[in-house]
Amino acid sequence: MKNIAVIGAGTMGNGIAHTFAQFGYKVQLIDVSKENLQRGMDTINKNLDRMVAKEKISEAQKEETLSNITQQIDIPSGVKNVDLIVEAATENQELKLKIFKQLDGICSKDTILASNTSSISITQIASVVSNPERVIGMHFMNPVPVMKLVEIIRGYNTSDNITKQVMELSEKLNKVPVEVNDYPGFVANRILMPMINEAIETLYNRVAGVYEIDTVMKLGMAHPMGPLQLADFIGLDVCLSILEVMHDGFKNPKYAPCPLLVNMVRAGKFGVKSGEGFYDYSENKKAEKVSPQFSS
């Protein structure tokens with residue numbers, strides 16, 4: 001596999017495109033919005049500049065990486081003659097099903113179709129594809145160029161051969177692929193999201209404040225960041241979406257999202273990307289200042 005298409009130029013999509021391009025793959029980065037594409041490429045540029053400054057790559061390697069990425073605003077044009085497509089669109093089941101149904105009609109039957117979904121069923125996504133054995137999950141972690149893990153999710157019909165190819169490909173990206181089966185939340189979010197939700201419940205029940213909860217988990221459990229800071233980093237809207245998928249999939253009340261999380265998302269408090277969540281990011285992107293609503 002040498003030719004890759006990535007659908008979606010957002011946080012995950014541009015990170016995935018960056019990573020493939022850095023390892024010599026030709027990447028078609030596709031987004032229906034020219035503005036999103038430009039923001040995605042700006043992010044890739046900044047991240048590469050950071051790597052150059054840290055002497056992890058050379059200026060020549062940066063330029064080579066950028067030259068490996070072609071921007072596209074049209075899916076049919078962007079997926080011509082590619083070996084693998086990684087869908088990294090918004091975490092919305094209806095949108096993903098629409099994209100995969102379109103891909104099934106325009107791609108070669110040998111093209112591997114992967115989704116970067118963090119919670120939506122790969123089996124459900126594959127149900128709209130005529131040969132579902134070629135559909136698989138590649139759940140990269142954020143930030144993609146830095147994080148080693150890739151959850152490789154096998155749908156009910158995903159073939160052994162496709163799984164083997166995608167595992168080997170992930171290793172060529174200097175990642176550590178872990179094969180998991182297709183159940184709501186997979187492994188990472190099935191364990192992570194209930195912890196985040198419980199931290200929000202702890203705040204909601206006034207057991208402790210934002211800073212105190214995160215400090216306990218960082219210093220007591222050796223977590224690199226506290227669960228509330230991590231929720232802000234992921235996006236509270238994304239956390240809510242994943243919890244809803246798990247709650248619906250398992251029908252178990254332990255996955256029900258905390259009312260505080262629901263209200264914050266309704267109020268547009270998504271975390272870092274909106275400028276406020278459990279922390280205030282109006283002055284910088286670091287979780288140094290607790291949001292006013294939780295600081296009293």
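Modeller: A287 is in the segment after helix 12 (259-266); helices (H or I, at least four residues) and strands (E, at least two) are DSSP runs numbered from the N terminus. This is a predicted model, where local features need pLDDT of at least 70 and side-chain atom pairs pLDDT 80 or more, while totals for chains, interfaces and linings use all residues. Residues are numbered from 1 along each chain as its sequence is written, and side-chain values use heavy atoms, without hydrogens and water.

A287 has 24% relative accessibility and counts as partly exposed. Buried means under 20% relative accessible area, exposed over 50%, and partly exposed in between (1.4 Å probe, protein chains only). Neighbours within four places in sequence aside, A287 is in contact (heavy atoms within 4.5 Å) with Q229, Y279 and Y281. From A287 to M1 the C-alpha distance is 40 Å, across 286 residues of sequence.

Now the annotated spans. An unreviewed UniProt entry annotates residues 185-281 as "domain: 3-hydroxyacyl-CoA dehydrogenase C-terminal". Such annotations may be inferred rather than shown by experiment; positions use the numbering here, and feature names are shortened. Residues 185-281 are 62% helix and 0% strand, with end C-alpha atoms 28 Å apart. The unreviewed entry also places "domain: 3-hydroxyacyl-CoA dehydrogenase NAD binding" on residues 3-182. That span is 43% helix and 22% strand, and its end C-alpha atoms lie 27 Å apart.

Next, the packing. The largest nonpolar core has 35 residues. A nonpolar core is a set of buried Ala, Val, Leu, Ile, Met, Phe, Trp, Tyr and Cys residues joined through side-chain atoms within 4.5 Å. I16, F20, L29, L84, M138 and F140 make the most contacts inside this core. Beyond four places in sequence, the contacts of L84 include M1, F20, M138 and L169. A second, separate core of 29 residues includes I200, I242, L260 and M264.

H18 sits in helix 1 (residues 11-22). Its relative accessible area is 0%, so H18 is buried.

Some backbone details stand out. Most residues other than glycine have a negative phi, and most peptide bonds are trans. The N142 to P143 bond is cis, with omega near 0°. P143 lies in the loop between strand 6 (135-140) and strand 7 (149-154). N174 has a positive phi, near 65°, and belongs to the loop between helix 7 (160-172) and strand 8 (176-181). N174 is partly exposed at 45%. F186 also has a positive phi, near 55°. F186 is in the loop between strand 8 and helix 8, and at 4% relative accessibility it is buried.

Last, a pocket: an open set of 1 Å grid points with protein on both sides within 12 Å along at least five of seven lines, where lining residues have an atom within 4 Å of a point. The second largest pocket has 14 lining residues, with L203, G209, Q293, F294 and S296 nearest its centre. Helix 8 (188-204) and helix 9 (210-221) each give two or more residues to that lining. Helix 9 gives the largest share, three residues.

Technical notes. 1 Å grid on protein atoms, 1.4 Å probe; cavity = no way out; pocket = protein on both sides within 12 Å on 5 of 7 lines; lining within 4 Å.
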